[in-house]
Amino acid sequence: MAPSPTGEYHIGHIRTVLYNIAFAKKHHGKFIIRIEDTDRVRLVEGAIDRILDDIRDYGFSWDEGPRVGGDFGPYIQSERLPLYKKYAEELIEKKAAYYCFCTAERLAQMRETQRAQKVASTKYDKHCLHLSTEEIEKKLAAKEPYVIRLNVQPNKIISFTDAVFGQISINSNEIDDQILLKSDGFPTYHLGVVVDDHLMEITHVMRGNDWIPSTPKHILIYEAFGWELPTYIHLPNLKELGADKKLSKRHGPVSAREFLDAGYLSKALINFLMLLGWNPGTEQEIYSFDEFIKSFELTKIHKTDLVAFDRQKLTWMNGFYIREMSVEALTRTLLTYYAKSGEDKELKKIDETMLLKIVQLAQSRINTLKEFYPLVRHFLPGSQFIVSKDTMEIARSLQNELDRIRIWNTDSILDALREVLKSHSIRMPVLYTIITGQERGLPLPESLEILGKEEALSRLRIALS
RNA sequence: GGCCCGUUCGUCUAGUGGCCUAGGACGCGAGGUUCUCAUCCUCGAAAUCAUCGGUUCAAAUCCGAUACGGGUCACCA
């Protein structure tokens, strides 16, 4: 996985990580992270660390890469600059690449002219390919800015076999004389990925299928060096449900971090993500990571692009995982989750055995961790019952009925509540409004039992005074 | 526009020539359990397999064309 630190890590990237790791683990290979920070303009400070944290927080680890090292480092491209220069110059010697001194203005003008001529796709006109050795030497000596471009031979068929799409062929006429080394000395993606993949002994490249049109460029570079090609695996991209567009903030979280913050469990996210573009051919929907590794097959990856990211299904799956957890584990997870917002301190004011009981009641009623807090607010010390003019009389008889209870348990409390309902001809939601402040919520008898007779009556007294 | 790729219920998908009057899951609807709301259980609606043509005794599955959708054509990855 080769993230580019130009912004937030996207949820789709996590799926790519997931597939990469599953494939590597299944075949006892290594999963490697390399940072491709060659775009100095779009570079975002601190993004490298945030991306690595994101991957870590989804529960993944890497065998080689930043933080862990490895035999093929450094794993950050900006620390490998001399390497790219050396290989780019090697390509020049092999006549597979050449110096280009064209200015941005000339290139812009050239493209404009080409567009006016209605060419199929604009391409570099190889102007600098025809420079004499003397001219080049002179320009280099004068420190004129230059780039190094790939010298693409016309009208050759470039074919490769993608593990998902099968054979793909493209005519080299479609390919521009791609810039390999930029004037700032950094490689473009094309040079960087080929050099590093070769040097780091990468055998399998998994990336979004928007890279398919660029793959022939990479193959040309491999061929120029005489290096062995990796296996290419192009993955379908994700899209917003019903929109034919990529994921949008308008519909909810987009970045890997946001999903975690929204209260989704990494396990559920992983399970959901693995089925977006891959299916084992069975009707099983729930997969642990280990099961996924066992079942993962390249041939089961889908060709169909733009897989809809159905947030409703994700939420359902998250609820499923929440329900599957033990109460203790859920409580711990909840506390860890709320530690981020500081609300865990509030929750910790609740007695521990009491909190466990509350979590148990809430477990079937929440689909994300975020939904927990609003649901149990009324358990927090200092929170109050809410009595209005309309519910004054009801609250009074509630007080009477509860007060009469000798043995404080769910049965006796339920009897008391029913008594109140009957005498006022009202329905349960009315009592919910008084006790929880909402029309619905956790079961009332259990809630009151947990609260305790003393606390319940005290709250009623305060509310009625 | 050139090139590349794709097209099964609203959505994710199963399906690799006969088991398909197309199966599962989410969502939706009805019912049951129930102190509200959920959970859980049962049942149901929902795809003329993009369209047209061909191959075949037989096609969602093979072939072709058309339509539609997407990707890509940077000193970005």
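How many residues lie between β3 and β4 in their hairpin? Three residues separate the two strands. The structure is a predicted model, in which local features need pLDDT of at least 70 and side-chain atom pairs count only at pLDDT 80 or more, while totals for chains, interfaces and linings use all residues. Residues are numbered from 1 along each chain as its sequence is written, and chains are lettered from A and ligands numbered from 1 in the order in which they are written.

**Domains**

Chain A is assigned domain 1 (81-235), domain 2 (249-323), domain 3 (326-374) and domain 4 (392-464). These bounds come from an automatic or database domain assignment. Between domain 2 and domain 3, the C-alpha centres are 24 Å apart. Nine residues of domain 2 are in contact with 10 residues of domain 3, where contact means that the C-beta atoms, placed from the backbone, lie within 7 Å. On the domain 2 side, the touching residues are four nonpolar, four polar and one charged. Here Ala, Val, Leu, Ile, Met, Phe, Trp, Tyr, Cys and Pro count as nonpolar, Asp, Glu, Lys and Arg as charged, and the others, Gly among them, as polar.

**Strands**

Helices (H or I, at least four residues) and strands (E, at least two) are DSSP runs, numbered from the N terminus. Strands of a sheet pair through backbone hydrogen bonds, either parallel or antiparallel. Two strands count as paired if DSSP finds at least two bridges between them. Strand β4 (residues 166-171) has six residues, and the count of buried ones is zero. A residue is buried if 20 or more other C-beta atoms lie within 10 Å of its own, exposed if 12 or fewer, and partly exposed in between, with C-beta atoms placed from the backbone.

An open sheet of three strands runs in the order β1-β2-β5 with antiparallel pairing. Its edge strands, β1 (97-100) and β5 (179-181), each pair on one side only. On average, neighbouring strands of this sheet are turned by 40° against each other, direction ignored. Strands β2 and β5 are joined by two bridges, and R149 has I179 in β5 as its bridge partner.

**Backbone exceptions**

Most residues other than glycine have a negative phi, and most peptide bonds are trans. The bond between G73 and P74 is cis, with omega about -5°; P74 is in the loop between α2 (47-57) and α3 (81-93). Two lysines have a positive phi, as the table shows.

| Residue | Phi | Loop | C-beta atoms within 10 Å |
|---|---|---|---|
| K143 | about 60° | between α5 and β2 (147-150) | 7, exposed |

**A helix pair**

Two packed helices are described by the angle between their axes and the distance between the axes. The axes of helix α16 (residues 392-404) and helix α17 (residues 410-424) come within 9 Å and cross at roughly 145°. Axes are lines fitted to C-alpha atoms, for helices over the stretch in contact, and angles run from 0 to 180 degrees between N-to-C directions. In α16, I394, S397, L398, E401 and L402 meet A416, E419, V420, S423 and H424 of α17. By class, the residues of this contact are five nonpolar, three polar and two charged.

How values were computed. Two residues are in contact if their C-beta atoms, placed from the backbone, lie within 7 Å.
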